[in-house]
Amino acid sequence: MPITLSRPPRRPWAILCGATLVGAACLAAVASDGSDGGSTPRPVPASVATDLPDQIEPDQIETNDAETAARVTLGPGGRDLRLAGDLMEGVSARVAALLAKNPGVRRIHLTSGGGLVSEGMSLGSLVAAHGLATYVPDDCASACTLVFVRGTRRYLGTGGRLGFHAPYETGPSGRSPVMDPAPERAAYRDAGIAADFVAEALAVASDDMWTPEPERLVRAGVVTDVVGTDRFPDSTLDDDDSPQAARAQVLRNLPVLAGADPAAVDRIAAWYRDGYATGRTEADALDGLHRQAAAHLRAVLRGADEATVLAFGQAALAAMRQATDGSACEAIAGGDAVVIGDTLGTLRPSGAGVAALIARARGQGGGRTAVAASEDRMRPPARPSTGACRAGTQALRRALARPLHQAASALRALLLAEPATLVAAK
């Protein structure tokens with residue numbers, strides 16, 4: 001079963017604000033939820049410092065004030081500029097300064113819920129003037145789309161979203177729609193976007209959001225390429241690449257590691273963060289995280305007692321029955337605790353899951369086993385099974401049918417890949 005490398009939970013869509021409104025009222029409106037018109041208060045940023053050092057080195061990539069929502073960084077090799085956050089006053093000035101000092105930038109990664117129209121327009125002009133390609137790995141909405149459409153090539157990552165709606169202005173009397181969004185219409189049309197698409201996008205109410213399917217975006221000329229996670233440097237830490245954020249991201253994507261040795265989690269997170277800094281692709285990061293986590297958890301389970309190994313075998317059998325993909329069944333048959341945990345999910349509320357088994361194997365979990373002793377209580381709804389799933393299910397059933405000591409030995413050989421001589425000695 002494929003595991004996807006997710007980012008932190010998506011924030012509510014932001015709203016386009018009027019180009020002339022750059023005060024606290026408009027900045028507060030940028031944080032509003034485009035789905036229902038409600039608001040999520042966030043601090044209004046202080047003024048943005050635009051002075052940058054004469055030389056920007058790869059290890060000195062953050063260029064924004066700590067209170068500013070948008071984070072602007074320079075990627076490895078000086079070829080990618082990464083922008084994550086709201087397009088507030090001063091963001092385009094910081095991007096301009098960074099581009100002036102780094103002429104090798106060829107592409108800008110955009111992750112933003114929107115912001116000020118004036119900033120979106122300015123950033124779009126910078127993108128066009130420097131001949132940059134634009135790339136959205138996750139979300140780009142409202143004013144962010146004014147930047148995206150100015151790219152020489154416009155890449156949308158698999159699973160990425162572009163959001164459109166009409167702009168609005170805010171003032172002392174509250175929010176009011178922009179009756180004639182001529183600047184936005186002109187910006188989209190100048191970028192070569194189909195007229196019917198532009199009309200539909202700007203007809204969406206300002207407190208709503210339209211997220212067209214990728215096929216429609218390509219047909220309308222908004223997106224030139226839909227790309228996989230193996231195309232560009234990883235952007236999953238664009239908003240925060242600190243060790244703490246990397247660790248949180250690892251645990252978010254691999255919750256089974258919650259029961260693992262914290263030092264091992266830190267080592268995996270450090271590998272992930274180092275790869276982000278050096279330009280590893282998201283696909284390679286995902287593959288490496290999965291392999292390292294599975295290897296560590298397999299090693300932990302090799303030291304478990306027989307009852308815990310038996311419980312892990314029961315979890316593997318339940319996951320095998322739940323899986324419909326042959327590659328997932330092969331991974332489960334090889335004792336891949338990541339895939340087993342991901343497949344089971346919240347299948348039954350009878351325990352804390354595979355993570356609790358890992359903690360128990362480390363001698364820190366204690367309590368009940370993470371899967372029910374009764375096979376019937378763990379049985380998921382019947383589903384079609386591939387040949388790999390049937391073979392794996394039969395092997396696990398035979399092992400689990402044996403007395404405890406023999407079952408544990410058989411499961412160690414099946415799931416934990418221990419040498420036969422060691423298994424015989426147990």
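**Cavities**

On a 1 Å grid over the protein atoms alone, I took a cavity to be a set of points where a 1.4 Å probe fits but cannot get out. Grid points were joined across faces, edges and corners, and the volume is the space filled by probe spheres set on the points. The largest cavity holds about 30 Å³ of space.

I then listed its lining, that is, the residues with an atom within 4 Å of a point. Tyr135, Gly228, Thr229, Arg231, Phe232, Pro233, Asp234, Ser235 and Glu282 make up this lining. I sorted these residues into three nonpolar, three polar and three charged. In that scheme Ala, Val, Leu, Ile, Met, Phe, Trp, Tyr, Cys and Pro are nonpolar, Asp, Glu, Lys and Arg are charged, and the others, Gly among them, are polar.

**Conventions**

I number residues from 1 along each chain as its sequence is written, and side-chain values use heavy atoms, with hydrogens and water left out. As this is a predicted model, local features need pLDDT of at least 70 and side-chain atom pairs count only at pLDDT 80 or more, whereas totals for chains, interfaces and linings use all residues.

**Salt bridges**

I looked for salt bridges (a side-chain nitrogen of Lys or Arg within 4 Å of a carboxyl oxygen of Asp or Glu). The search of the whole structure gave eight. I noted three of them in detail, with helices (H or I, at least four residues) and strands (E, at least two) taken as DSSP runs numbered from the N terminus.

*Asp238 and Arg82.* The closest N and O atoms of this salt bridge are 3.4 Å apart. Asp238 sits in the loop between strand E10 (225-227) and helix H8 (243-253), and Arg82 in strand E2 (residues 80-84), 156 residues away. I checked accessibility, where buried means under 20% relative accessible area, exposed over 50% and partly exposed in between (1.4 Å probe, protein chains only). Asp238 is buried at 2%, and Arg82 is buried at 1%.

*Arg161 and Asp139.* Here the closest N and O atoms lie 3.1 Å apart. Arg161 is partly exposed at 25%, whereas Asp139 is buried at 8%.

*Asp225 and Arg153.* I read 2.7 Å between the closest N and O atoms. The pair links strand E10, which holds Asp225, to the loop between helix H4 (143-148) and strand E6 (154-157), which holds Arg153, across 72 residues. Arg153 is partly exposed, at 39% relative accessible area.

Notes: On a 1 Å grid over the protein atoms alone, a cavity is a set of points where a 1.4 Å probe fits but cannot get out, and a pocket is an open set with protein on both sides within 12 Å along at least five of seven lines; lining residues have an atom within 4 Å of a point.
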